Every structure is written in structure tokens, then in C-alpha cells.
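Look at the structure below before reading on. The report then describes a helix pair, some strands and the nonpolar cores.

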Amino acid sequence: MNGIRLRHLVFTGPGIEPAGLGFDEGLSIIYGASNTGKSFASKAILFMLGVSKSLPEIEEIAAYESVWLGLTLPDNRDVTLYRATQGGQFKLYEGLYKKAAVKDGLVLRQKHDSKRTDTVSHLLLNAMGVAGKAVVRDGNCKKDALSIYLLSPYVVVSEQDIIAEKSPVFTSGSPSQRTFEQNLFKFLLTGVDDVAAVTVPKPSERKVAKAAKIELVDELIAQIDAELGENPPDERETEEQLRRLEQSASDLASRLKDAQAKLDALAGERRKTIERRRELLERAGELDLTIERFSKLQAVYSSDLQRLQSIEEGGFVLVAMTDMDCPVCGAPSDAQKHNHAAEEIAMAHKAAAAEARKIEREQRELTQTIASLEAEAVGLRRTVDSEKKEIDRLDGEIEKARPHETSLRESYEVYVSKRSGIVRVLDLYKRRSNLSTRRAEIGAEPTRRSKGDAPSVGPDSTTLFRFGETVKSVLTEWRFPDADKVQFDTEAMDITVAGKLRAANGKGVRAILHAAFNVAVVVFCIENDLPHPGFLVLDTPLLTYREPMTSRYGELSDDEKVLKKTGLAEHFYKHLASLKDKVQIIVIENSDPPVAIRDVARIETFSGLEGNGRFGLLARRM
Amino acid sequence: MLDKHPFNSTLETGIRALVVLEAFYPRHCDLMEMTWFDHLIVHTGDIDGQDVPESLHPDLPNRTGELLVRRQLVERSLRMMQQMHLVDVFETEAGIEFCASEEAPSYVELLQTPYSLALKERARWMAGRFAQQESVEIRELIESRIGRWTTEFTTDDTSSGRSA
């Protein structure tokens with residue numbers, strides 16, 4: 001199943017029998033006399049689809065409080081839309097209800113809002129598979145979101161519209177809506193909407209934007225002029241000045257670098273030399289200390305040698321004395337009891353002699369060592385002196401190199417500051433020239449729309465031709481006279497028959513052609529697998545068959561008379577009934593349906609007469 | 001009782017003591033005085049004065065080894081010289097005192113090496129300086145000049161004094 005099916009439209013109120021209509025899967029015909037509420041039924045459907053805000057004010061409605069519209073959605077989901085007869089928001093119930101349900105319904109808003117999903121419009125568009133679509137409404141690609149309100153002329157065709165001279169495409173009759181209406185028609189016939197279209201500003205907006213841009217650029221230029229000062233240096237001269245400056249200072253940077261490198265090298269060498277000299281001085285100090293210690297040792301050796309001589313001498317004399325008789329007791333030496341002293345003295349004497357020989361040898365070696373150390377010390381001092389001279393020489397060189405480097409650096413600094421001043425002026429000139437170019441570009445930008453900019457409007461001619469063929473086949477099915485001469489006029493967006501516009505025909509012919517248009521749209525969508533609402537309400541398509549005496553539309557025109565003589569009504573209904581599986585069609589009519597179609601359609605009759613069957617849609621207040 | 005090294009042996013110390021006593025003759029000296037003089041005779045430079053002879057031994061920073069010529073060594077040397085009849089020992093009420101014997105001059109006369117002559121010269125200078133002084137006066141001077149070594153003079157047992 002494609003699209004939505006209406007199941008029932010029921011009015012309820014306290015203390016009154018529910019009144020309403022049931023609808024069949026295929027064709028339903030609501031047939032009755034004038035003033036029995038037939039057109040009220042189509043308006044009530046629009047009210048329940050959220051297209052209108054209120055019901056027409058008729059006497060009978062006052063007794064009813066609630067309206068229930070039963071629907072079957074494409075996924076076989078039965079729902080009921082509830083709305084108070086006073087209007088306002090809806091409630092959605094799952095399942096089919098004709099009176100207040102046990103459970104609470106989901107509140108739905110009447111007004112479409114592309115940012116919300118809790119609206120009747122979203123429910124229905126989503127069921128059709130066209131939620132979120134957009135249609136371009138003007139040459140600048142401003143877009144309108146698709147809503148059930150915008151689609152409604154293709155769903156419910158009122159009695160006024162069906163006979164109107166205006167094109168069934170241009171449903172509003174307002175010229176400013178034409179672009180939108182053509183694009184909506186294109187969307188229905190192609191399934192391609194305009195979401196992808198890029199909205200562009202209007203020419204008037206462009207003009208304002210352009211003036212603003214120019215003003216901004218002018219302001220920037222004025223700022224640069226202010227920076228350049230009152231009597232700015234000439235640009236050409238400034239460039240020349242920069243060229244001369246660069247030429248004169250071409251090798252300044254490298255000379256400065258050389259001078260600095262030289263100075264750095266000298267300082268580095270000086271530092272190294274000082275460090276080397278310090279190390280040498282340290283070594284010389286250590287050497288002096290060693291020599292001093294060795295000299296003391298030498299003195300000790302000399303002293304020791306003399307001491308040893310003295311000990312040898314004293315010992316020798318004492319040893320000689322021990323051989324004598326004891327001076328105290330007169331006993332001979334070998335009888336003396338203190339002989340051990342003599343032995344000790346003798347031994348000490350010998351040891352002293354041996355020690356003296358050792359010391360003499362040590363002394364000779366020490367003398368040699370001291371001599372070599374002293375030679376080294378002398379060499380060191382000589383080196384230290386020469387390092388000192390080297391340091392002095394480097395100091396001199398540094399003193400000489402410094403002023404050269406200073407003067408080079410100063411001139412380099414002068415050069416850099418001069419150059420940056422000149423470059424700044426040149427940069428200002430460059431920016432100013434860029435801005436001037438930009439200003440000219442902006443000035444040259446067109447504010448009017450060029451031909452290619454405007455998007456094409458409406459369906460392309462191929463689609464329109466194919467649609468024309470569908471209209472032709474529908475009218476052929478209906479056995480419409482001259483059906484083979486039917487075309488769809490792309491200028492008027494309406495049907496022509498043998499070159500004659502629909503608008504140029506009588507009311508009844510206009511009505512049947514309008515109905516053919518609406519049926520053809522549905523058929524075209526079905527044949528091309530395009531989304532469509534799934535139901536169509538046609539109010540008085542067979543106006544031609546009216547009774548001139550009782551109809552408010554009066555006498556038949558000539559073409560109506562011709563048409564009335566044909567069997568069109570029967571073929572019309574049979575064709576609509578044949579679409580049963582594809583679309584639900586509800587026809588509201590004044591005149592009797594032909595007997596031949598009574599078995600293929602559900603027919604509801606409003607007699608308009610008290611006591612003769614059903615009087616009308618709603619109960620009459622007694 | 002043999003000395004292993006000639007320096008500061010009882011022989012060398014004995015010769016020094018004898019030279020001192022001969023120069024101080026007839027003054028008697030006790031053991032403490034002899035210990036001081038044994039140091040002073042080779043380190044005359046430790047004493048201030050105009051005519052002070054220079055020290056016979058080099059002033060080394062580490063001469064403590066030499067300075068630890070102590071009381072016991074001096075006493076042993078004096079005892080050895082007494083055995084050789086070169087020193088007379090007097091045991092009196094004031095304690096033990098030493099003096100050069102009659103044999104001493106002829107022995108000392110025989111010592112003629114430069115070092116021995118230098119010893120004799122310094123001993124004579126010391127005698128001129130200290131012979132007339134009381135022991136307490138000498139102590140004062142010693143303590144003021146080389147007082148820091150006092151403990152070393154009075155300590156009996158150290159390694160380099162182990163010659164007995």
C-alpha cells in the first residue's frame with residue numbers, strides 16, 4: 001500500500017448520537033442534495049489533517065464536541081486523530097477510535113514546524129515518505145519546508161477550486177507564489193526536492209553588502225594613508241632609496257660577522273693562554289716546594305754527616321779510654337765490671353761509620369735530583385714568562401680589533417633601522433595598492449542576477465509532456481470528447497483540449513478537467529513509484545450533471561451540454577473504482593451516481609429530506 | 001743495651017751531656033735541666049737574643065722525632081758517662097745532681113771534628129747564659145719558648161726513645 005487511507009470521520013458530543021462517515025479502501029461517493037453537509041465533510045477532513053484552524057461555522061456543529069479521524073498508515077498502522085470541534089491541538093491514538101479512548105493520546109501540534117516531529121504535518125509527511133523535503137520559493141533559492149498545508153490542494157480539491165479558472169497548479173492564485181507552486185508540482189512529478197539548492201542573497205541585499213565592503217576597504221585605505229603621514233615619501237623614490245641602501249651595505253653584514261669572529265677567536269685564545277699559564281705557574285709552585293724540601297733534606301744530610309763524624313771521634317776516644325785502668329778503683333780494664341759500656345760504645349762507633357757511608361751516597365743522589373728539578377723550574381719560568389708576553393700581545397690585538405668591530409656594528413644597526421623604516425613605507429604602499437585592487441574588484445561585482453544564476457522553475461518539459469500523456473490517458477479512460485487532443489500547456493500550467501485552455505471552458509468542463517488533472521497526478525506518481533498522499537477528495541467533479549433548475553450554478557453552457565450527453569460519469573466512476581488498490585478516492589457529488597457503479601463504490605446518500613433516509617452529515621437540531 | 005741507630009744513641013747523647021756539664025763546670029745540673037739543655041744545645045735558634053748561635057740541627061717541620069730525646073735517654077747517657085768516670089753523680093738533699101769529673105776536660109779536649117767544636121761553642125754560650133740562673137728561671141724560659149714540648153720531655157715511653 002502506498003500512502004495513507006482514511007477510515008472514518010466521526011463527530012461526537014454529549015447527549016447526541018455520533019455522526020460520521022466511513023470510507024472504503026477504494027472509491028467512496030458521498031452523494032446528496034444541497035445544504036446537507038457534503039462540502040462540510042471535505043472541509044472537516046482538511047480540519048482534521050491540520051490544514052485549517054477551524055471548522056466552518058454551521059448551526060449543527062454546536063452539539064458536537066469532538067472529531068475523530070481514523071487513518072491507516074502505510075505500515076498498516078491504524079491510528080486515530082482526535083481534535084476538539086473548537087480546534088487547537090490534536091491527540092494521536094494508536095488504533096481506530098470513534099469515541100474517547102481509555103488511554104491518553106500523544107499530543108500533536110496543528111502548526112507545521114520543520115524542527116519538530118510532534119506535529120500532524122510531520123506524522124502525515126513521514127507516512128508518505130516526504131518529511132524534511134524543501135521547495136524553492138523564489139529566484140534566490142529561498143526555500144520552504146514541505147508541509148501538509150502546502151500539499152493539501154493535491155489531496156482535497158474543494159468545490160470552488162475545481163471549477164475555478166486558475167490553473168490547478170497555481171492553487172493560491174497569487175503571482176508571487178507561482179515559483180513555489182511550480183516547484184511543488186515539479187517535486188510531485190519527479191520526487192526530487194530542492195534541499196540541495198543553494199540560497200543566494202537577493203539583489204537588494206547584495207547591493208547593501210557591496211556598499212558595506214567598499215566602505216570597509218575605504219576605511220582600511222584611509223588608515224594606511226594616515227600611517228603614511230601628510231607628505232608621504234614618493235613610492236618610486238623610496239624604492240630607489242632602498243636599492244641604494246642595500247647596495248651600499250651589501251657586504252656590511254659579512255664584514256661585521258668577520259670582525260666579530262676575529263674578536264671572538266682572539267678572546268678565546270687569550271682565555272686559553274691564561275689558563276695554560278695558570279697551570280704552568282701551579283706546576284712551578286709545586287716544583288719550588290719540592291726543591292725546598294729536598295734542600296732541607298740536603299741540610300739534614302750535611303748535619304747528620306757532621307754528627308756522625310763527631311760520634312765516631314767521641315766513640316774512638318772512649319774506646320781507647322776503656323783499655324785503661326779504672327780511674328775510680330784502679331782495677332785493670334779486663335777486671336772492670338762496667339765492660340758492657342765499652343762494648344756498646346764500640347758498636348755505636350761502627351754503626352756511625354756505616355751510617356755515614358750510606359748518607360754520603362744518598363746525598364749524591366739527592367744533589368743530582370735537585371739539579372734536574374731546578375733545571376725544570378727554570379724552564380717552566382721561561383715558558384710562563386713567554387705566555388705572559390703572549391697574553392699581552394693578545395690583549396693588544398683585542399684592543400686594536402675592538403673599535404673596528406664597534407664601528408661596524410654601529411653602522412650595521414643604523415643600516416637595519418633605516419632599512420626597516422623604508423620597508424615599512426613600501427609595505428604600506430603595497431597594502432594600499434592591494435586594497436585599491438580589491439576595491440575595484442568589489443566595485444565591478446554585479447549586484448543584479450545574471451541569467452545563469454536563476455534556478456530553473458517547475459518541472460522540465462520532458463516530464464511535463466509525459467504528465468500530459470497521463471492526463472490524456474485518464475481522460476481517454478473517462479471517454480472525454482476529443483481526449484486524443486488533450487495536452488498539458490507548460491505556460492499556463494493547465495490542460496488544453498484541441499488547443500483550448502481549460503479556463504476557456506464552462507464550469508462543468510473546468511471541473512472535470514481539474515479532476516482529471518488531480519487523478520493524473522496520482523496515476524503519474526503511482527506509475528513512476530513516487531510518493532503521494534494515497535487518498536484524494538474531489539468535491540463536485542461532475543458539476544456538468546447538475547439539475548439546472550435546482551443547482552445554484554444555473555444553466556448549462558453549450559460545451560457542458562455536449563459533455564452531459566456522453567456517458568462520462570459512468571466511465572469516470574468506473575475508472576476511479578479500478579484504482580482501488582492504489583489510491584483511495586472520495587467523491588462528493590450532487591447528482592445521482594449512475595446505476596452501473598453501485599456495486600464498485602461505497603455510496604453514502606444524504607437525502608436532504610426529513611424522514612427520508614439520512615438527512616445529512618450531522619443531525620439536525622430539532 | 002745497644003742502640004740500633006747512631007743518632008740519639010746513649011753515646012751521642014752522652015757526649016752532648018758531657019760537653020754541657022764540662023761547659024757549666026762547676027755548676028751541678030739535675031736531670032730535668034740536663035733534658036732541657038740536651039734540646040737547647042742543638043736548637044739554640046729557639047731562644048731569642050742578639051748573640052744567639054744558629055741551631056746546629058736543621059729546623060725541620062717534623063723534628064719532633066729528634067725532640068723526643070727524653071729524660072730516660074739523658075739519664076742513661078749520664079749513667080754511662082759516670083761508668084766511664086767522666087761524670088760525677090751527687091745524691092743530695094735536693095735530689096740527684098750531675099757534674100763533670102776531673103777526667104772530663106782532657107776527654108772533651110780530644111773532640112775536634114767541626115760538629116764537636118760547634119757543640120762545645122754552643123755549650124759555652126749556654127753556660128754563659130744559664131750557669132748563673134736558678135732552675136726555676138730556666139724552667140720559665142723553657143716553658144715560654146718551647147713549652148708546648150714540655151709533655152714530650154716528661155713522657156717516658158715513646159717509640160723513638162726505646163733505646164734501652
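Which residues in α2(B) meet which residues in α4(B)? Leu31(B), Met32(B), Met34(B), Thr35(B) and Asp38(B) of α2(B) meet Arg71(B), Val74(B), Glu75(B) and Leu78(B) of α4(B), where contact means heavy atoms within 4.5 Å. These contact residues comprise five nonpolar, one polar and three charged; Ala, Val, Leu, Ile, Met, Phe, Trp, Tyr, Cys and Pro count as nonpolar, Asp, Glu, Lys and Arg as charged, and the others, Gly among them, as polar.

The model is predicted, with pLDDT of at least 70 required for local features and 80 or more for side-chain atom pairs, while totals for chains, interfaces and linings use all residues. Residues are numbered from 1 along each chain as its sequence is written, chains are lettered from A and ligands numbered from 1 in the order in which they are written, and side-chain values use heavy atoms, without hydrogens and water.

Helices (H or I, at least four residues) and strands (E, at least two) are DSSP runs, numbered from the N terminus. Helix α2 (residues 31-40) and helix α4 (residues 71-83) of chain B pack at about 105 degrees, with axes 9 Å apart. Axes are lines fitted to C-alpha atoms, for helices over the stretch in contact, and angles run from 0 to 180 degrees between N-to-C directions. The two helices α2(B) and α4(B) are therefore roughly perpendicular (65 to 115 degrees).

In chain A, strand β5 (residues 78-84) has five of its seven residues buried, that is, under 20% relative accessible area with a 1.4 Å probe, protein chains only. Its pairings are tabulated here; two strands pair if DSSP finds at least two bridges between them.

| Strand paired with β5(A) | Sense | Bridges |
|---|---|---|
| β4(A), residues 66-72 | antiparallel | seven bridges |
| β6(A), residues 90-94 | antiparallel | five bridges |

Leu69(A) has Leu81(A) in β5(A) as its bridge partner, and Val79(A) has Glu94(A) in β6(A).

Leu81(A) is also among the residues with the most contacts inside the largest nonpolar core, which has 114 residues. A nonpolar core is a set of buried Ala, Val, Leu, Ile, Met, Phe, Trp, Tyr and Cys residues joined through side-chain atoms within 4.5 Å. Helix α11 (residues 507-527) of chain A gives the largest share of this core, 15 residues. Apart from this core lies another, of 69 residues, including Leu280(A) and Ile15(B).

How values were computed:
Buried means under 20% relative accessible area, exposed over 50%, partly exposed in between (1.4 Å probe, protein chains only). Angles under 35 degrees count as roughly parallel, over 145 as roughly antiparallel, 65 to 115 as roughly perpendicular and the rest as oblique.
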